Amino acid sequence: MKYERIEKAEFLERPNRFIAYVELKGEKETVHVKNTGRCAELLVPGARVYIQRSTNPDRKTKWDLIAVEKGQRMINMDSQIPNRVVEEWLREGNLVEYVSLIRPETTYGNSRFDLYVEAEGRKIFIEVKGVTLEEDGVCRFPDAPSERAVKHLEELQRAEKEGYETYVFFVIQMKGVKYFTPNMDTHPAFAEELRRAAKAGVRVIAYDCDVTEDSIRINSPVKVVLGEPILEEAAEPVVEWFRANKRDLPWRRRMDAYRVWISEIMLQQTRVEAVKPYYERFIRELPDVRALAEVPEDRLLKLWEGLGYYSRARNLKKAAVQIMEEFGGKFPDNYEDIRSLQGIGNYTAGAVSSFVYGIPKAAVDGNVFRVVTRLLADPEDITKAGTRKKIEGLLEEVIPRDCPGDFNQGLIELGAIVCLPNGEPKCGECPVRSLCRAYEQGTQLDFPVKKKAKERRIEKRTVFLFCDSTDVAVRKRPDSGLLAGMYEFPNTEGFLDQEEVVAYAKKLGLTPVRVKKLGNAKHIFSHVEWHMHGYEVLVDELEKNADGDMIFAGKKELEEKYPMPSAFEAFTSLMTGKRKR
């Protein structure tokens with residue numbers, strides 16, 4: 001779009017929405033302001049403006065305000081021009097191919113949309129919004145409350161539901177901005193309706209413009225942030241901080257899908273330092289998908305021994321078999337296929353997708369919950385599925401497309417070593433402290449909000465180390481339920497005294513020679529606590545007389561062959577002389 005009859009002037013004042021005074025060649029002139037928005041940050045005394053002479057000799061106000069300089073940026077202020085430049089851009093073959101009809105100002109329901117387009121059977125409504133409000137490279141709309149704009153969004157949603165293709169097109173009437181976001185400060189109802197419209201299928205797009213003193217033309221797409229601008233602002237400093245401060249971890253040294261997958265499953269419910277030796281041992285013995293798919297379950301569980309939550313290990317093997325059968329032995333390289341694997345949820349699929357393949361999917365674990373909820377001072381309960389879904393959506397909107405893995409890992413790393421739980425976070429070391437609402441309010445420790453879990457059920461158990469001079473009795477647990485398929489020392493509910501222990505041993509067909517009281521132990525599962533009393537029971541001819549379900553293991557077998565859960569660690573260490581790492 002090209003203007004004619006443009007003159008340069010100096011802005012003086014704006015007495016009302018419709019006119020302003022400028023100085024032109026030493027004379028004070030009255031100009032018509034087409035843009036009735038506030039534009040207070042643009043129209044400041046002394047600003048250089050560009051005005052157009054009217055061709056109508058009878059018009060009282062002979063000038064129109066077209067553009068203004070703000071620092072080094074030229075901003076077009078003509079509110080009547082966005083529709084025309086979008087129409088011009090569409091006619092050049094942009095956005096929609098094979099356009100057969102473009103009709104301005106078309107009525108639908110109780111609204112008139114700016115453009116109606118037809119193209120090869122597609123019927124399209126486009127509502128155009130000109131944007132002039134900019135601060136630090138961020139553009140917002142509107143700069144004043146606009147009930148009419150809200151009404152348009154409601155009608156667009158109805159049109160979308162009735163089969164039309166619908167767009168809100170924000171024309172950024174300047175060049176070189178960072179992103180666009182709805183103006184929550186000025187008109188939160190518009191921002192909320194815009195989010196609803198996007199969820200309903202209305203396409204929300206923004207483009208900046210090449211602007212000169214006498215022209216304006218659609219240029220390039222601009223990122224749209226409908227959720228939380230704080231997260232958009234945090235992306236770059238988080239990535240830069242991560243690249244400078246990331247820890248040297250074994251699974252980061254060779255970033256392939258298999259290794260990332262194994263590490264992420266191990267890291268669930270387990271500290272990084274505790275995982276390192278288990279990871280290295282596991283990878284040495286099972287270096288790829290095929291080896292994992294073929295490993296016997298008892299050996300797999302032995303490799304996993306001490307990490308707990310043994311269903312994770314079984315699911316690893318099931319997923320490895322699935323990869324061999326469904327994906328030809330190659331770890332899948334897209335989010336949906338990764339998510340389809342046994343035992344993989346949104347977090348792990350997002351981690352592998354982003355870390356390895358550069359796919360912009362969120363990876364929300366406990367660390368990320370903590371960082372994000374503190375940044376936003378978000379009061380929602382993180383145990384609710386809806387909260388996870390919301391935060392995943394907010395993050396996926398702002399994930400840098402050129403480095404999604406570094407962004408996700410940066411959030412995780414921040415939560416692991418800076419934005420700490422259970423005590424004072426290290427806010428002085430945080431790269432996004434200046435953006436953090438919780439820090440600003442002094443409420444860091446109030447987030448994340450997590451509904452108090454039900455109190456764990458306490459179970460009392462008596463554990464027996466039935467042994468002779470060389471072996472100790474173990475047995476395999478059932479294939480389902482708690483610690484399914486693992487090996488354990490025989491045990492029973494309740495706390496037994498020595499007489500009851502002797503009676504219990506005889507019931508199993510054993511002949512106790514000596515009973516020795518061992519120390520007590522406790523193990524915490526997610527929903528239950530075992531409080532255990534232990535007894536070492538020396539018996540005569542252990543294997544000959546013992547119950548048929550028992551297996552008799554020597555010290556070496558106990559260490560290398562039979563996977564014993566960490567619940568029995570206090571008693572296992574008595575037999576092997578070693579404590580698990």
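**Close-up views of a predicted model**

**View 1. Packing of helix 5 against helix 11.** In this predicted model, helix 5 and helix 11 pack with their axes 10 Å apart and at an angle of about 145 degrees, and the crossing of helix 5 and helix 11 is right-handed. On the side of helix 5, the residues that meet helix 11 are A257, V260, W261, E264 and I265, and their counterparts in helix 11 are Y347, T348, A351, V352, F355, V356 and Y357. By class, the residues of this contact of helix 5 with helix 11 divide into ten nonpolar, one polar and one charged. An α-helix has 3.6 residues a turn, so residues three or four places apart point the same way.

View 2. Helix 5 spans residues 257–267, and because eleven of its eleven residues are buried, the helix is largely enclosed by the rest of the structure. The buried residues of helix 5 are A257, Y258, R259, V260, W261, I262, S263, E264, I265, M266 and L267. Their cover includes helix 6 (272–285), helix 7 (289–294), helix 8 (297–304) and helix 9 (311–326), together with helix 11 (346–357). At the start of helix 5, a side-chain oxygen of D256 reaches to within 3.2 Å of the backbone nitrogen of Y258, while just after helix 5 the residue Q269 takes a positive phi of about 65 degrees.

View 3. Four strands form an open sheet with mixed pairing, in the order 10-11-13-16. Strand 10 (133–135) and strand 16 (223–224) are the edge strands, each of which pairs on one side only. Strand 10 pairs with strand 11 (residues 138–141) in the antiparallel sense over three bridges, and C139 in strand 11 is the bridge partner of E134. Helix 4, residues 229–245, lies across strand 11, strand 13 (179–182) and strand 16, and runs at about 160 degrees to strand 13.

View 4. Strand 14 (residues 203–212) is joined to strand 15 by antiparallel pairing over five bridges, with T212 standing opposite S215 in strand 15.

View 5. Most residues other than glycine have a negative phi, and most peptide bonds are trans. The peptide bond from F141 to P142, however, is cis, with omega near -5 degrees, and P142 has its place in the loop between strand 11 and helix 2 (147–161). A cis peptide bond also joins F447 and P448, where omega is about 0 degrees; P448 lies in the loop that runs between helix 15 (437–441) and strand 17 (457–467).

View 6. C39 is not a glycine, yet its phi is positive, at about 50 degrees, and the residue lies in the loop between strand 3 (27–32) and strand 4 (48–53). With a relative accessibility of 0%, C39 counts as buried. Y98, likewise not a glycine, has a positive phi of about 60 degrees and lies in the loop between helix 1 (82–91) and strand 7 (99–108). Y98 counts as exposed, because its relative accessibility is 57%.

**View 7. The setting of E193 in helix 3.** E193 lies in helix 3, which covers residues 188–199, and with a relative accessible area of 8% this glutamate is buried. The side chain of E193 makes a polar contact, at 2.7 Å, with the side chain of R196. When its neighbours within four places in sequence are left aside, E193 is in contact with V150, L153, E154 and Q157.

Note on methods. Residues numbered from 1 in each chain as written. Predicted model: local features only at pLDDT ≥ 70, side-chain atom pairs only at ≥ 80, totals over all residues. Heavy atoms only, no water. Pairing = 2+ DSSP bridges. Helix = DSSP H or I, 4+ residues; strand = E, 2+ residues; numbered from the N terminus. Contact = heavy atoms within 4.5 Å. Axes fitted to C-alpha atoms, helices over the stretch in contact; angles between N-to-C directions. Buried < 20%, exposed > 50% of the residue type's maximum accessible area, 1.4 Å probe, protein only. Polar contact = N/O pair within 3.5 Å; in protein donor to acceptor, adjacent residues only side chain to side chain. Left-handed = near helix turned anticlockwise from the far one by under 90°. Nonpolar A, V, L, I, M, F, W, Y, C, P; charged D, E, K, R; others polar.
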